[in-house]
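This report walks through a few side-chain contacts for a reader new to the structure. Please look at the sequence and the model before reading on.

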Amino acid sequence: MYWDSIGSLTGSGQQSVTGVESADDANSYWRIGARSGEICQRGVPVQCGQAIRITHANTGRNLHTHHFVSPLSGNQEVSAFGENGEGDDLDVWTVQCSGTHWGRGEAVRFKHPGTNVFLSITGEQYGHPIRGQREVHGMHTANHNSYWKAMEGVFIKTSVQLPRHDEL
């Protein structure tokens, strides 16, 4: 399942986040970064338990949740919020994985420390105007619908400082 971000507004008035099954949807790309006030060093693996911000590549809005009811399932609404990767503390998610860091191809969970829910998806589908897209929401219990896997992406090596040669 791929996250998608669309223009329809949810109960909070914020942009909806939905899931699609197609891997070739250009609207399904997200960037992982540091939460506000912290630095995410290029190429350093994301640690299990690390607090991150997940930003939609096309809109610059962050994956966000708060105490609004989701429109289809009645769980907790997940929306896209903020501008250019900046938002608030409700944009922070904690990576839950096995081992020491989030490995390529590994299924992980994202837990929201502000509201104590897991990022999840189930079978509830929207009709008009976003037919067939599934509701992404927050749930208080983790289950098989709360596992996520990065299917595509760019691996960036850590910055390596080349040795200086001051002699002539």
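## The disulfide

With a relative accessibility of 22%, cysteine 48 counts as partly exposed, because buried would require a value under 20%. The model described here is a predicted one, and a search of the whole structure finds 1 disulfide. That disulfide is formed by cysteine 48 and cysteine 97, whose sulfur atoms lie 1.9 Å apart. It links distant parts of the chain, since cysteine 48 sits in the loop between β3 (30-34) and β4, while cysteine 97 sits in the loop between β7 and β8 (109-112), 49 residues apart.

The torsion about the S-S bond of cysteine 48 and cysteine 97 is about -115°, and the disulfide is therefore left-handed. Another cysteine, cysteine 40, is partly exposed, its relative accessible area being 40%.

## Salt bridges

Side chains of opposite charge can pair when their charged atoms come close. In this model the count comes to 3 salt bridges. One of them joins arginine 35 to glutamate 38, with the closest N and O atoms 2.9 Å apart. Arginine 35 is partly exposed at 34% relative accessibility, and glutamate 38 is also partly exposed, with a relative accessible area of 43%.

A salt bridge also brings together the side chains of aspartate 91 and arginine 53, at 4.0 Å from N to O. This pair links distant parts of the chain, 38 residues apart, with aspartate 91 in the loop between β6 (76-81) and β7 (92-96) and arginine 53 in strand β4 (residues 51-56). Both aspartate 91 and arginine 53 are buried. In a further salt bridge, the side chains of arginine 61 and glutamate 83 meet at 3.3 Å, N to O. Because arginine 61 lies in the loop between β4 and β5 (62-69) and glutamate 83 in the loop between β6 and β7, this pair ties together parts that are 22 residues apart in sequence. Arginine 61 counts as partly exposed at 27% relative accessibility, and glutamate 83 counts as partly exposed at 48%.

In soluble globular proteins, nonpolar side chains tend to be buried together. The largest nonpolar core of this model has 18 residues, and of these Leu63, Val95, Phe110 and Leu119 touch the most other members. Two or more residues are given to this core by each of the elements β4, β6, β7 and β9 (117-125).

Definitions and conventions
Residues are numbered from 1 along each chain as its sequence is written. This is a predicted model: local features need pLDDT of at least 70, side-chain atom pairs count only at pLDDT 80 or more; totals for chains, interfaces and linings use all residues. Side-chain values use heavy atoms; hydrogens and water are left out. Buried means under 20% relative accessible area, exposed over 50%, partly exposed in between (1.4 Å probe, protein chains only). Helices (H or I, at least four residues) and strands (E, at least two) are DSSP runs, numbered from the N terminus. A nonpolar core is a set of buried Ala, Val, Leu, Ile, Met, Phe, Trp, Tyr and Cys residues joined through side-chain atoms within 4.5 Å. A disulfide is a pair of cysteine sulfur atoms within 2.5 Å.
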